[in-house]
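Here's a quick briefing for anyone opening this model for the first time. Have a look at the sequence and the fold, then read on.

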Amino acid sequence: MDFNKRQQAFLYLGRDKFDFYGTGFGNVLTFPFSQVTMRDLEILNDVQLQTEIEQFIQQYNIPPENITLILAPTVLFEKDIITSSPSEDTQKFLDTVPFENILSGSIPIENGVRAFAANKSFYEILQSTFSKNGSLIETVIPYFVFGQDYTTLDALDAQTASNILKRIDGVKKLTM
């Protein structure tokens, strides 16, 4: 499949739901996690979660997309590390993240780095499920790369989603 011909979309992953928005949609689609599949950022039933996401994709007839996964503040562990040994302190921070399997990254900030991490199992299930539909999660980025206006964003409306979509290409280089 030619990845260049796919529409651009993004998935804004929160603690109890994700919002999906693509160029072909006029509104934001919301997928709430059920209590039997998720609790406190832990996946309780990965097979059921995949099934529910597949049903969501079918229900809204989501075509194959190039997806950017944006991690909301509620699913991200982050710490500004201002020190003379950022790699050592970053590792100490990552060791405190309460997941067995983590996805992590860091970006330079003034006088140090901002380290961040999330539950990698979340990403793997989303990637696997959307890829069955021909989609590709090509980028995973933290919410804060879009600036201060997005630090308290809990739910997306069509205008905010459209603004994020316009800016995605400029922040893809910050992928985890």
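Which residues does threonine 129 touch, leaving out those up to four places away in sequence? The answer is Gln50, Ile53, Glu54 and Ile57, where touching, or contact, means heavy atoms within 4.5 Å. Before going further, note that this is a predicted model, where local features need pLDDT of at least 70, side-chain atom pairs count only at pLDDT 80 or more, and totals for chains, interfaces and linings use all residues. Residues are numbered from 1 along each chain as its sequence is written, and side-chain values use heavy atoms, with hydrogens and water left out.

**Helix H3**
- Threonine 129 sits in helix H3; helices (H or I, at least four residues) and strands (E, at least two) are DSSP runs, numbered from the N terminus.
- H3 covers residues 120–132, and its 13 residues reach 19 Å from first C-alpha to last, close to the 18 Å expected at 1.5 Å a residue (that is, 1.5 Å times one less than the number of residues).
- Threonine 129 is buried, at a relative accessible area of 1%; buried means under 20%, exposed over 50% and partly exposed in between, using a 1.4 Å probe and protein chains only.
- Other buried residues of H3 include Phe122, Tyr123, Leu126 and Phe130.
- Just after H3, glycine 134 has a positive phi of about 90 degrees.

**The sheet**
- Five strands make an open sheet in the order E3-E2-E1-E6-E10, with mixed pairing; two strands pair if DSSP finds at least two bridges between them.
- Strands E3 (29–32) and E10 (136–142) are at the edges with a single partner strand each, so one side of each has no neighbour in the sheet.
- E1 (residues 7–13) and E6 (residues 65–71) run parallel, joined by seven bridges.
- H3 packs on this sheet, touching E1, E2, E6 and E10, and its direction makes about 150 degrees with that of E10; axes are lines fitted to C-alpha atoms, for helices over the stretch in contact, and angles run from 0 to 180 degrees between N-to-C directions.

**The core and leucine 13**
- The largest nonpolar core has 57 residues, and Phe10, Leu13, Phe18 and Phe20 touch the most other members; such a core is a set of buried Ala, Val, Leu, Ile, Met, Phe, Trp, Tyr and Cys residues joined through side-chain atoms within 4.5 Å.
- Leucine 13 has leucine 71 as its bridge partner in E6.
- Not counting residues up to four places away in sequence, leucine 13 touches several residues, among them Phe18, Phe33, Phe122 and Leu126.
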